[in-house]
Each structure stands twice: as C-alpha cells, then as structure tokens.
Amino acid sequence: MDAGVDDFLTKPLNREMLRTRLRVAERILRYTTEIQTLKELIPICTYCQKVRNDDDYWERVDTYIKSRTGARFSHGVCPGCFDEQVKVIAGLCADLPETISLPAQV
C-alpha cells in the first residue's frame, strides 16, 4: 500500500471477493468522474458575469481564466455592445456643455 497500490487480492481467488472489489472500484471511478465534472463547472454570476474562485472571491472572467491557464486577453467592443453602449455614451457626451472637459483617453 505504501508503494501506491489501492487494493490487492490473494491467491487462490475468491470469486465473491473479486466481485465485491470490482463494485468498489466501479464506485470509486464513478465518484472520481463526478468530482471531475464538478471541478469543470465554473460558478458565474448571472448578472455581472464575474466568476467565483476557490477562495470564494468573485473576479472577472478574464482574470479567472488567466490565473488558471496563463491565457492573455485583448479587449475590444463587439458590434452589438458598440451600438448599445458606445454610441449612447458618445451621444450623451455630445450633449454636454463645452465648459465640461472630459478626461483624456489613454
């Protein structure tokens, strides 16, 4: 067992003991599969789309993925969001009095 063996059978084989050990092995494999499935689920907020990490901290999806995979992201605006968000903001800014200065873009 110290060498990493999970189970063993002695000779001569007892058929009933073999069946019992195989049922236990099947149960262990089923639980392992269920645990792996649960680990693959990513808990994400329906509203803000933040993801809960292992420390019960909610973080942005890109931060969550980067910390686990090393993936890097470039950010942009999709056409739908551009129409719904950016154009609206631009329209609001156009209506501002000229005495208000907007922050410089970076």
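## Helix H3

The bend at a residue is the angle between axes fitted to the seven residues ending there and the seven starting there. In H3 a kink of about 25° is centred on valine 86. Helices here are DSSP runs of H or I with at least four residues, numbered from the N terminus.

H3 covers residues 79-94, 16 residues in total. From first C-alpha to last, H3 reaches 21 Å, close to the 22 Å expected at 1.5 Å a residue; the expected span is 1.5 Å times one less than the number of residues.

## Basis of the model

This is a predicted model, in which local features need pLDDT of at least 70 and side-chain atom pairs count only at pLDDT 80 or more, while totals for chains, interfaces and linings use all residues. Residues are numbered from 1 along each chain as its sequence is written, and side-chain values use heavy atoms, with hydrogens and water left out.

## Cysteines

The structure holds 0 disulfides (pairs of cysteine sulfur atoms within 2.5 Å). The sulfur of cysteine 45 has its closest cysteine sulfur in cysteine 48, 3.7 Å away, which is too far for a bond.

Cysteine 45 is partly exposed, at 21% relative accessible area, and cysteine 48 is also partly exposed, at 46%. On this scale buried means under 20%, exposed over 50%, and partly exposed in between, with a 1.4 Å probe and protein chains only.

## Charges over rings

A charge sits over a ring if NZ of Lys or CZ of Arg is within 6 Å of the ring centre and within 35 degrees of the ring normal. The charged end of arginine 68 lies over the ring of tyrosine 64, 3.8 Å from its centre. Arginine 30 has its charged end over the ring of tyrosine 31, 5.4 Å from the centre.

Note on methods
Helix = DSSP H or I, 4+ residues; strand = E, 2+ residues; numbered from the N terminus.
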